[in-house]
Structures are given as structure tokens and as C-alpha cells.
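Here is a short note for someone opening this structure for the first time. Please read the points with the model on screen.

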Amino acid sequence: MRDIQRVSRREFLAATGVAGAGLILGILPRSVPAQTESAGTVFAPDVFLQIAPDGTATIWVSRSEMGQGVRTGLPMILAEELEQPWSRVVLRQAPGAADGRFGPQLTGGSLSARLLYDRLRRAGAVAREMLRTAAA
């Protein structure tokens, strides 16, 4: 199990500044291109997360459900960091992307949550701060 890493105030501000610049410039790495909807565009700060103009968060699950609860556990990690109520979350199964956008889509050994925990937490936290910065 991994230890929780402490982040200094300076490191946090530097990371959120970079994330804010990415929002303004639209150059976040490995982001999914925004899709056009009738009401506007979808905010997609990470390949695992898309937020519609109405506030509904679509969370892409890149692991298969094999009785380990990944279709609940993985989205909950991201939704909790995003501070998104569960009623406003939509789950989608990630397609088998040949370009590797979702990483290895293997399921086994109870590794799904352990391997994706940090990535999903960061995606939710960065998106939350980007939305707060944009709203301010």
C-alpha cells in the first residue's frame, strides 16, 4: 500500500497554477477532445472525466467488472475528489482504445483501485480546482 504524500503549499500552488493555465490555453496532456453538444461543449480535463454544461459528470471506467466493484469504486474515487454528488454522475465503459488513452485495460489481481487511485484522485482534484478558478 502506498503512503500518503504530503504536498507543500508552494507545490500545491504551482500545480494548480499549471492546471489553471491548461484550462485557459486548452493544452492539458492526454485530454479527450471536447465534444460538441446542443447546449455547449463538454469540459474534459482528463481522459477519465467529462463534465457537461449542465454539471453532469461522465466518468469512464477502463476496467471490467469482475465482481470487485470497479464500476462503483473507481468512479467514487474521482467523484469524491471532484465533490460531485453521486446523483450527478454517469458511468460509461471505456472503449478499447488502440491508442492507449485509457492505459492497460486489464482486470485481475485486485489491482484496479490500487493502480488507478492516484490518477483518478488527481483528475478529480485538478478538475475541481479548474472549475473553481474559472468560476471565480
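1. A term first. Two strands pair if DSSP finds at least two bridges between them. With that in hand, look at β4 and β5. They form a hairpin, and 5 residues lie between the two strands. Gly-55 sits in the turn and has a positive phi of about 95°. The two strands run antiparallel and are joined by 3 bridges.

2. Now the overall plan. The model is predicted. Its chain has 3 helices and 6 strands. Along the sequence they follow the pattern α-β-β-β-β-β-α-β-α. Of the 136 residues in the chain, 32% are buried. Take the contacts between residues at least 6 apart in sequence: 60% of them join residues at least 24 apart.

3. Back to β5, this time from its other partner. Strand β5 (residues 57-61) pairs with strand β6 (residues 89-93) in the parallel sense, over 5 bridges. Ile-59 stands opposite Leu-91 in β6. Val-61 has Gln-93 of β6 as its bridge partner. How much of β5 is buried? The count is 4 of its 5 residues, so the strand is largely enclosed by the rest of the structure.

4. β5, helix α2 (residues 70-82) and β6 make a β-α-β unit, and the unit is right-handed. The loop between α2 and β6 holds Glu-83. Its phi is near 60°, a positive value in a residue other than glycine. Is Glu-83 buried or exposed? Glu-83 has a relative accessible area of 52%. The cut-off for exposed is over 50%, so Glu-83 counts as exposed.

5. The core deserves a look. In soluble globular proteins, nonpolar side chains tend to be buried together. Here the largest nonpolar core has 22 residues. Those with the most contacts inside it are Phe-48, Leu-49, Leu-74, Leu-78, Leu-82 and Leu-120. At least two core residues come from each of β4 (49-51), β5, α2 and α3. The top contributor is α2, with 6 residues.

6. Follow Leu-120 from there. Leaving out residues up to four places away in sequence, Leu-120 touches Phe-48, Leu-74, Ile-77 and Leu-78. Leu-120 is also one of the buried residues of α3. Others on that list include Leu-116, Ala-123, Gly-124 and Ala-127. An α-helix has 3.6 residues a turn, so residues three or four places apart point the same way.

7. Last, the geometry of α3.

Conventions:
Residues are numbered from 1 along each chain as its sequence is written. This is a predicted model: local features need pLDDT of at least 70, side-chain atom pairs count only at pLDDT 80 or more; totals for chains, interfaces and linings use all residues. Side-chain values use heavy atoms; hydrogens and water are left out. Buried means under 20% relative accessible area, exposed over 50%, partly exposed in between (1.4 Å probe, protein chains only). A crossover is right-handed if, with the strands pointing away from the viewer, the path from the first strand over the helix to the second runs clockwise. A nonpolar core is a set of buried Ala, Val, Leu, Ile, Met, Phe, Trp, Tyr and Cys residues joined through side-chain atoms within 4.5 Å. Contact means heavy atoms within 4.5 Å.
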